[in-house]
Amino acid sequence: MTSKPDADARLLDAHDLALQALREITPAATIGPAAGYLVEDDGSVSLRFENRLPGYPGWYWTVTVARVEDEDPTVLEVELLPGDGALLAPEWVPWVERLAEYRSHQAELAEQAAAAAEDASGDIDADSELDEDDLDEDDELDEDDDHEADILHAGDLDGVDIDELDEATGDDVIEDDEDEDEDVDADEDVDADEVDEEE
């Protein structure tokens with residue numbers, strides 16, 4: 001098992017160089033204080049700074065610096081990397097798998113819609129049966145009302161039978177017609193007598 005090399009003190013102190021590199025890719029307001037370092041297997045050092053960029057909680061600005069022999073430190077890489085517990089995007093899923101999940105979900109929705117339609121049709125049949133029962137009750141009520149109408153009417157409530165009045169009126173009309181006919185015949189007889197006398 002190989003151990004990591006000791007960190008170069010000049011690399012650990014290269015914060016000014018790291019901040020200068022960061023300011024070339026992001027505003028200074030998004031860079032927070034130093035947040036430690038990580039020694040890489042090749043001896044380079046990744047200096048970390050807190051991230052103040054909205055939407056990336058738990059991420060760190062990371063600047064990897066290295067030094068060759070007696071040369072000054074130089075910047076190898078600048079990037080935004082997630083820390084422990086950082087908010088990460090979900091793992092990438094191939095399109096074929098996503099399409100299969102979509103089709104399966106659509107099939108479930110279609111089954112649910114069909115079941116709901118069957119339930120709705122059952123409710124409509126039940127309502128129809130109730131309506132028929134209601135209609136039968138209404139018919140019975142209407143028949144009772146018609147029967148009462150045959151027995152009772154406004155004239156009966158006042159103590160006068162309208163049917164009797166109608167019959168009486170009919171008889172009076174017939175008698176009046178007969179009287180008028182007799183009067184006409186009598187007038188004709190009188191006129192005929194008068195004509196004979198004048199001749």
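**Working through a predicted model**

Trainee: How many of the residues are buried?
Mentor: Of the 199 residues in the protein, 15% are buried. Please bear in mind that this is a predicted model.

Trainee: What is the confidence, then?
Mentor: The mean pLDDT of the protein is 75, and 59% of its residues reach 70 or more.

Trainee: Where is confidence lowest, and where is it highest?
Mentor: The lowest mean, 51, belongs to helix H4 (residues 154–157), while strand E3 (residues 59–66) has the highest, at 94.

Trainee: Changing topic: how many salt bridges does a search of the whole structure find?
Mentor: The search finds one salt bridge. Its partners are Arg10 and Asp72, with the closest N and O atoms 2.7 Å apart.

Trainee: Is Asp72 buried or exposed? And Arg10?
Mentor: Asp72 is exposed, because its relative accessible area is 54% and the cut-off for exposed is over 50%. Arg10, at 37%, is partly exposed.

Trainee: On to the rings. How many aromatic pairs are there?
Mentor: The count is one aromatic pair. It is formed by Tyr56 and Trp59, with 5.4 Å centre to centre and 80° between the planes, an edge-to-face arrangement.

Trainee: Why does it count as edge-to-face?
Mentor: The angle between the planes is 80°, and planes over 60 degrees apart count as edge-to-face, so the pair is classed that way.

Trainee: How accessible are the two residues?
Mentor: Trp59 has a relative accessible area of 17% and is buried, whereas Tyr56 is partly exposed at 36%.

Trainee: Which residue lies over the face of Tyr60?
Mentor: That is Arg48, at 4.3 Å from the ring centre of Tyr60.

Trainee: Lastly, what does the accessible surface come to?
Mentor: The accessible surface of the protein is about 15,700 Å², and carbon and sulfur atoms account for 50% of it.

Definitions and conventions: Residues numbered from 1 in each chain as written. Predicted model: local features only at pLDDT ≥ 70, side-chain atom pairs only at ≥ 80, totals over all residues. Heavy atoms only, no water. Phe/Tyr/Trp six-rings, centres within 6.5 Å; stacked < 30°, edge-to-face > 60°. Buried < 20%, exposed > 50% of the residue type's maximum accessible area, 1.4 Å probe, protein only. Lys NZ or Arg CZ within 6 Å of the ring centre and 35° of its normal. pLDDT = per-residue confidence, 0-100. Helix = DSSP H or I, 4+ residues; strand = E, 2+ residues; numbered from the N terminus. Salt bridge = Lys/Arg side-chain N within 4 Å of Asp/Glu carboxyl O. Areas by Shrake-Rupley, 256 points an atom, 1.4 Å probe, with all protein chains shown as cover.
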